[in-house]
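Work through the exercises below with the sequence and the 3D view open. Try each task before reading its solution.

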Amino acid sequence: MQSGLLSSLIILPLIASMVILLLPESYKGSYRWIALIVQILLLINLGTLISGFEANHTGYQFLEHFEWIRLTLGKTSILSIDYIVGIDGLSLSMVALSVVVFFIANISSFSINKKEKAYYSLFLLLTATVIGCFVAIDFFLFFIFFEFMLLPMYFLIGIWGGPNKAYASLKFIIYTLVGSVMILVVMIALAMSNVDEFFTSEYKRTVFSFDFRILSDQANLLKGSLLNIENPIKIFGVNARDFMFILLFIGFGIKLPMVPFHTWLPDAHVEAPTPISVVLAGILLKIGGYGLIRIAYGFFPDIAINYGLLISIMGLISILYGGFNALAQKDLKKLIAYSSISHMGFVLLGIGAFNIEGFNGAIFQMFSHGLLSSMLFLIAGVLYERTKNREINNFKGLAKTMPIFTVLVAIAFFGSLGLPSLSGFIGEFFTLFGSFQASTIPKVIPILGVLGIVLSAIYLLWTFQKMFFGEFWTKEEFKNNLTDLDQKEIIMLGVLGVLTLIFGIFPNILFDLINPTVIQLF
Amino acid sequence: MKELQEILTSSQHILPEWILLLGILLLVIIVSFQKKDSKWPYRFSFLLVLAYTFTATYFYENLPSEGLKLYGDLLFIDQTSLFFKQLVAISTIVFLIHSRLFQYKFDGEIYFLILCILLGLSFLAMTTHFLVIYVAIELVSISSYVLVATKNEKTNFEAAIKYLIFGATSSAIMLYGISLFYGMGHVLNFAEQTFLESISTNSPLVLQIVSFLFLGGLFFKIAAAPFHSWVPDVYEVTSTPIISFLSFAPKAVGVLVVARVVQANFTDLNAVLLLIIFVSLIVGNLAALWQTNLKRMLGYSGIAQAGFILIGVLKGPQTDFYGAFFYILTYLPITMGAFFLADLLKKQSGSDEMEDFKGIGQKNIFLGLNAVIIMMALVGLPPTIGFMAKLMVFSSIINLGEAMHSSVYYGLLIFGLLNAAISIYYYLKVPYFMLIKKSYNQPRYNPDFFLTLVLTYFSIALIIFFLYPDFGTEWVRKVLF
């Protein structure tokens with residue numbers, strides 16, 4: 001059955017983006033509403049998707065399959081590229097996260113009043129590509145969405161960003177492009193090694209396929225090809241499969257971001273406007289984790305098992321390095337950016353454990369970090385919008401003048417530092433638990449990982465105390481601007497706060513979705 | 001008598017060239033009897049190129065698949081040469097339309113020179129004979145030198161002299177290579193069996209060096225490093241439509257001849273080609289990073305693109321040059337679109353400096369969008385055909401690496417891709433200045449809707465070919481060796 005539900009998630013924002021682009025300037029006021037209506041439609045579609053999703057069913061659901069390109073490669077072979085979309089538990093959780101975060105970010109975008117036409121069409125384009133990335137089941141299609149995400153992002157940071165936007169946007173695009181180039185190498189190598197048996201007999205020519213389902217089945221590997229398992233081909237003295245796995249690890253690691261490839265992230269965050277920061281931290285980073293699980297582990301499980309230790313160590317370094325850096329920050333947004341690096345380190349730790357607990361934890365951590373970091377960046381945005389300043393030292397005793405804000409900040413901060421009953425705890429707990437369980441990983445790594453939680457408690461509580469408690473004090477020019485949240489902000493932060501609570505208290509809602517997918521990986 | 005008979009029959013098979021040749025002679029007469037600003041040379045050239053394209057497409061319906069030898073073995077027509085002749089003809093048409101749309105007032109001589117280049121390339125595409133190659137390249141080169149010098153400015157003379165000196169040196173080196181080949185092979189046609197037999201007694205190193213000398217002249221036309229030093233100056237000062245044509249046509253046919261040499265397989269040329277590719281990629285990309293002038297930047301980008309194209313020419317057990325030919329096919333709309341964009345930007349901002357494009361894209365968002373698409377195609381990002389071209393070339397390296405069991409190719413793969421990633425920095429400068437930077441002094445704003453629309457055809461073509469590449473891939477598949 002081809003329901004078109006998943007395609008609608010991609011096509012609706014695309015169409016809306018075109019419509020906004022073509023609408024004359026006199027309809028300026030309507031752009032934001034068109035975008036918001038599309039986001040609401042996406043939410044409704046998401047609801048249908050979740051209600052129709054059979055959690056116990058393994059494999060992809062809501063499949064849509066259209067033949068797209070049969071690219072002739074020389075005389076003897078064909079590259080078959082199809083439009084295939086589908087979801088399993090992993091992608092569903094990510095799609096759900098993206099739809100929610102994009103909805104929130106869209107509300108947050110209402111404060112943007114410069115070149116709205118370009119802004120909203122780029123924003124919707126970004127929505128389409130990100131969702132496309134999560135639902136694509138064809139590597140080629142995935143890659144197109146993955147690459148195409150860069151351009152809207154580049155312009156969104158580059159046009160609407162802060163003073164140093166040119167540098168930040170360029171750094172972002174070059175880092176990510178280098179990463180995606182590595183992924184491209186693997187994509188070509190994988191496709192040139194995997195044969196679609198069915199179409200090969202049909203066309204009488206070797207048909208190479210990009211279909212995830214074919215790539216993940218090692219029976220389809222062509223004998224003598226680059227990535228075959230029996231006769232490993234060496235590249236610079238390294239087995240080709242190992243080589244490709246490392247490329248994928250670095251490629252997605254840049255996106256994640258993993259220390260030492262993280263330096264684009266603080267710059268991009270500091271310069272990006274609030275809604276774009278929200279999208280960047282809330283969803284774009286998750287594509288790195290998603291790619292690692294779906295592609296690096298899905299297609300190279302035989303290799304991945306040997307690299308658990310390396311990945312865990314990289315995760316640990318990210319956790320500690322991000323945490324220590326966050327301690328030293330004076331700019332609230334930069335602090336949150338470094339805390340993002342630290343928290344995404346847990347994802348690597350969970351993935352490196354290579355067991356069911358670790359993977360569940362990693363996916364849960366991605367989901368919860370999506371909610372929490374969105375909240376955190378909205379919080380930074382709330383202050384920035386009122387004062388055009390984000391220095392932590394410029395604010396004291398905000399609790400007196402902004403009580404609602406304080407409550408929501410408390411939820412976000414405590415959620416991030418891993419207070420039980422909030423979603424951050426579950427993710428971190430399960431990744432650490434998985435890491436302790438893994439036989440290949442020395443216990444010292446998860447033990448040091450726990451230190452990351454302590455670090456995040458230090459910097460978040462410290463910040464909270466400095467900014468919100470004590471006598472109200474701030475610079476004279478800010479005093480009159482510091483009013484409590486308006487309705488729009490309460491909705492945005494409230495929705496995310498409630499979701500954090502729900503998933504903190506009932507983590508099974510998510511675990512039930514992702515568990516069958518995770519079990520299938522092993 | 002027999003020879004005469006052969007000359008007569010052979011002459012029947014090169015009808016397009018006859019048409020072109022007679023047309024060119026007629027054009028000279030028209031130019032000399034018309035007033036200076038007459039439109040007839042343009043109209044006549046247009047008709048002539050159309051006639052040439054038409055005959056080059058439809059005259060050869062019964063061409064045997066293994067090709068046709070003419071005039072002994074001087075000329076050789078096969079599907080591949082037809083393909084390249086058509087491409088060059090199309091690019092000439094694009095040149096003519098481009099110069100018309102921007103109301104360039106070219107003298108009749110310019111059309112004469114362009115048609116001479118077309119004639120030269122047409123013969124170059126149809127031969128494996130050293131002498132014909134040399135003569136054809138000289139015809140192309142000398143016409144190009146004059147084309148660069150026709151604009152009466154000091155910078156043009158400087159560029160033309162540079163072009164001439166480097167060109168003449170390359171020709172001399174090439175001729176030296178040819179003479180060595182003749183000494184070793186005793187015949188002048190490198191595709192012939194006797195040539196292969198008598199040449200194979202020499203050591204591979206000698207053959208590689210001699211091939212490098214011979215190919216030098218071709219690399220000069222392809223604008224591959226280290227034969228590239230004329231490129232930036234010439235690109236900067238020459239009229240945009242002319243350089244748009246020169247950036248594509250000689251490069252395309254040059255690659256064809258390199259491919260024929262590689263195909264003849266008298267020695268392993270991969271080492272030579274790899275050297276050229278590595279140097280071209282690094283020189284082109286690194287130098288382009290620092291450019292502030294769009295046309296100069298496009299010149300350096302052309303060097304890097306030459307490196308990418310040559311990747312498709314590397315020889316493996318199953319090489320069919322598919323990647324290179326497909327790349328060239330896509331390079332036509334990409335590069336000529338880029339120069340069209342450059343011309344349009346110059347018209348709006350009054351200069352080629354990228355700094356001066358500030359704010360143009362904000363006033364005219366569709367122009368900005370077009371710039372983004374064309375530059376993406378040059379980088380090789382989806383969803384443009386540039387991505388498909390890069391995909392083909394790089395998948396051919398993977399095949400090569402599998403077959404040759406050598407890590408060099410994987411190194412090349414990663415090196416090439418990293419170069420593609422770096423290149424986004426300088427390509428994105430154009431949309432960056434157009435869309436992101438605010439302009440302080442108001443640009444001389446006239447929307448040029450019609451020209452933007454024409455440019456949009458280029459961008460739409462780039463995207464459509466990405467979504468439906470079958471047309472291009474099937475076309476190229478038919479013309480492989």
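## Exercise 1: A salt bridge in chain A

A:E489 and A:R386 are joined through their side chains by a salt bridge, with 3.0 Å from N to O; a salt bridge is a side-chain nitrogen of Lys or Arg within 4 Å of a carboxyl oxygen of Asp or Glu. The model is predicted: local features need pLDDT of at least 70, side-chain atom pairs count only at pLDDT 80 or more, and totals for chains, interfaces and linings use all residues. Residues are numbered from 1 along each chain as its sequence is written, chains are lettered from A and ligands numbered from 1 in the order in which they are written, and side-chain values use heavy atoms, with hydrogens and water left out.

Solution. 
- Step 1. Helices (H or I, at least four residues) and strands (E, at least two) are DSSP runs, numbered from the N terminus.
- Step 2. Buried means under 20% relative accessible area, exposed over 50%, and partly exposed in between (1.4 Å probe, protein chains only).
- Step 3. A:R386 is buried as well, because its relative accessible area is 13%.

## Exercise 2: Further salt bridges

Task: find the partner of A:R294 in a salt bridge, and the partner of A:K171. How many salt bridges are there over all chains?

Solution. 
- Step 1. The search of the whole structure gives 16 salt bridges over all chains.
- Step 2. A:R294 meets A:D88 at 2.8 Å, N to O. A:R294 lies in helix α12 (residues 274-299) and A:D88 in the loop between β2 (77-87) and α3 (89-108) of chain A, so the pair ties together parts that are 206 residues apart in sequence.
- Step 3. A:R294 is buried, because its relative accessible area is 8%, and A:D88 is buried with 5%.
- Step 4. A:K171 pairs with A:D267, and their closest N and O atoms are 2.8 Å apart. Since A:K171 sits in helix α7 and A:D267 in helix α11 (residues 264-271) of chain A, this pair ties together parts that are 96 residues apart in sequence.
- Step 5. With a relative accessible area of 16%, A:K171 is buried.

## Exercise 3: Cavities

Task: state how many cavities of 30 Å³ or more the structure holds, then describe the lining of the largest cavity and of the second largest cavity.

Solution. 
- Step 1. There are six cavities of 30 Å³ or more. On a 1 Å grid over the protein atoms alone, a cavity is a set of points where a 1.4 Å probe fits but cannot get out, and a pocket is an open set with protein on both sides within 12 Å along at least five of seven lines; lining residues have an atom within 4 Å of a point. Grid points are joined across faces, edges and corners, and a volume is the space filled by probe spheres set on the points.
- Step 2. The largest cavity has a volume of about 100 Å³. Its lining has 13 residues, and those nearest its centre are A:E147, A:V181, A:L184, B:G380 and B:A420.
- Step 3. α7(A) gives the most to this lining, with four residues.
- Step 4. The lining of the largest cavity holds nine nonpolar, two polar and two charged residues. Ala, Val, Leu, Ile, Met, Phe, Trp, Tyr, Cys and Pro count as nonpolar, Asp, Glu, Lys and Arg as charged, and the others, Gly among them, as polar.
- Step 5. The second largest cavity has a volume of about 80 Å³. Among the residues that line this cavity are A:S108, A:T274, A:K488 and A:E489.
- Step 6. α16(A) gives the most to the lining of the second largest cavity, with four residues. By class, this lining has three nonpolar, four polar and three charged residues.

## Exercise 4: The second largest pocket

Task: which element gives the most to the lining of the second largest pocket?

Solution. 
- Step 1. The second largest pocket has a volume of about 680 Å³. It is lined by 32 residues, and A:T76, A:S77, B:Q318, B:D320 and B:N399 are the closest to its centre.
- Step 2. α17(B) gives the most to the lining, with seven residues.
- Step 3. The lining of this pocket divides into 13 nonpolar, 15 polar and four charged residues.
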